[in-house]
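Subject: Structure handover and findings

Hello,

Here is the structure for you to take over. Please open it before reading on.

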Amino acid sequence: MHLWLGIFLIGVMGLILGLLGGGGSILTVPILVYVLGMEAHSAIVVSLVLVGGTALVGALLHQRHCQLAWKQGLLFVAFGAPLNFLGANVSSRVPAGMLLVLFGLLMGVAGAAMLVKRAERKNLPDGRSIWPAVASGATVGFLAGFLGVGGGFMIVPSLVLFLQMPIKTATGTSLLVITANSCVALFGHRHALNPGGLLLLELVPPALIATYVGVWLAQKLSAHQLREIFGVFVILLGVLMAAYNGVILYIR
């Protein structure tokens with residue numbers, strides 16, 4: 001029963017990742033640990049393989065429908081990865097409960113920013129200046145390392161709000177960045193590379209099928225609808241996380 005529930009929830013993860021360009025790592029590790037009973041370190045490795053592989057397929061599927069911003073995406077990775085390590089180092093000095101509260105609050109801000117009505121660009125920005133991509137990539141990289149997440153919920157708003165990218169292009173580009181970040185993180189966890197191939201074989205197909213459906217839905221929805229779905233999803237998840245962990249901190 002737990003396996004079938006886990007397969008269903010991993011499918012939900014793939015759907016959200018393909019549709020919104022983020023949310024995979026937030027959902028996958030809890031599913032693996034609390035539903036499928038995996039040990040935490042093994043769950044992280046399996047999550048990186050699942051999310052990274054699913055994000056790669058999602059990025060390639062998005063590429064079929066709209067142009068990905070390869071230059072901005074690679075700049076995000078190049079300048080985000082070093083700051084990711086710095087953020088992880090700083091976060092070790094902050095209580096875990098406080099980190100999760102900050103995580104929830106940041107998600108709420110990111111979601112609210114996406115709900116603000118703005119004119120949607122039809123094409124990619126000309127990209128003459130690389131500094132917005134460098135600054136956004138470094139900031140998101142630091143926050144992702146500080147909060148211990150893949151950062152998809154921050155990548156999409158950064159690309160849309162600061163780089164003025166169409167949201168459908170931003171969604172695919174976010175998946176490209178998540179793929180690269182997962183590979184970097186997987187290298188960092190190479191000492192724990194024994195995730196269990198049988199479980200992956202059972203989880204990868206539903207994740208990929210659901211990602212395909214998510215990408216298909218993303219192309220059917222308008223840019224305004226996609227922004228609203230992203231904003232509401234991120235706000236709700238952020239409020240739940242901040243409220244739950246705030247109560248835990250208060251009780252302690």
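Ground rules first. This is a predicted model, in which local features need pLDDT of at least 70, side-chain atom pairs count only at pLDDT 80 or more, and totals for chains, interfaces and linings use all residues. Residues are numbered from 1 along each chain as its sequence is written, and side-chain values use heavy atoms, with hydrogens and water left out.

**Fold**

The protein has ten helices and zero strands. Helices (H or I, at least four residues) and strands (E, at least two) are DSSP runs, numbered from the N terminus. Buried residues make up 48% of the 252 residues. Buried means under 20% relative accessible area, exposed means over 50%, and partly exposed is in between (1.4 Å probe, protein chains only). Of the contacts between residues at least 6 apart in sequence, 84% join residues at least 24 apart. A contact here means heavy atoms within 4.5 Å.

**Core**

The largest nonpolar core holds 57 residues. Such a core is a set of buried Ala, Val, Leu, Ile, Met, Phe, Trp, Tyr and Cys residues joined through side-chain atoms within 4.5 Å. M107, F153 and L203 touch the most other members.

Not counting residues up to four places away in sequence, M107 touches I26, F153, V234, I235, L237, G238 and M241.

L203 is in helix α9 (residues 197–220). Its relative accessible area is 0%, so L203 is buried. Leaving out residues up to four places away in sequence, L203 touches G6, I7, I10, L32, L36 and L50. L203 and I7 are 196 residues apart in sequence, yet their C-alpha atoms are 5.8 Å apart.

V215 is also placed in helix α9. V215 is buried because its relative accessible area is 2%. With residues up to four places away in sequence left out, V215 touches G18, L19, G58, L61, H62 and H65. From V215 to G14 is 201 residues in sequence and 9.7 Å in space, C-alpha to C-alpha.

**Second largest pocket**

What lines the second largest pocket? The lining has 15 residues, and A110, M154, P157, S158 and F162 lie nearest the centre. The volume is about 240 Å³. α5 (96–115), α6 (131–147) and α7 (152–161) each supply at least two lining residues. The lining divides into twelve nonpolar, three polar and no charged residues. Ala, Val, Leu, Ile, Met, Phe, Trp, Tyr, Cys and Pro count as nonpolar, Asp, Glu, Lys and Arg as charged, and the others, Gly among them, as polar.

How the spaces are found: on a 1 Å grid over the protein atoms alone, a cavity is a set of points where a 1.4 Å probe fits but cannot get out. A pocket is an open set with protein on both sides within 12 Å along at least five of seven lines, and lining residues have an atom within 4 Å of a point. Grid points are joined across faces, edges and corners, and a volume is the space filled by probe spheres set on the points.

α7 is mostly covered, with ten of its ten residues buried. Among them are F153, M154, P157 and S158.

**Cavity**

The structure holds one cavity of 30 Å³ or more. About 30 Å³ of space lies in the largest cavity. I16, L20, G22, G23, F153, F230, F233 and V234 line it. α1 (2–20) and α10 (223–251) each supply at least two of the lining residues. The largest share, three residues, comes from α10. By class, the cavity lining is six nonpolar, two polar and no charged.

**Two local details**

Q164 sits in the loop between α7 and α8 (167–188). Phi of Q164 is near 55°, a positive value in a residue other than glycine. Most residues other than glycine have a negative phi. Q164 is partly exposed, with a relative accessible area of 47%.

T179 is in helix α8. At 11% relative accessibility, T179 counts as buried. A polar atom of the T179 side chain lies 2.8 Å from the backbone oxygen of L175. Not counting residues up to four places away in sequence, T179 touches G52, A55 and L56.

Best regards

Key: A polar contact is a pair of N or O atoms within 3.5 Å; within protein, one must be able to donate a hydrogen and the other to accept it, and residues adjacent in sequence count only if both atoms are side-chain atoms.
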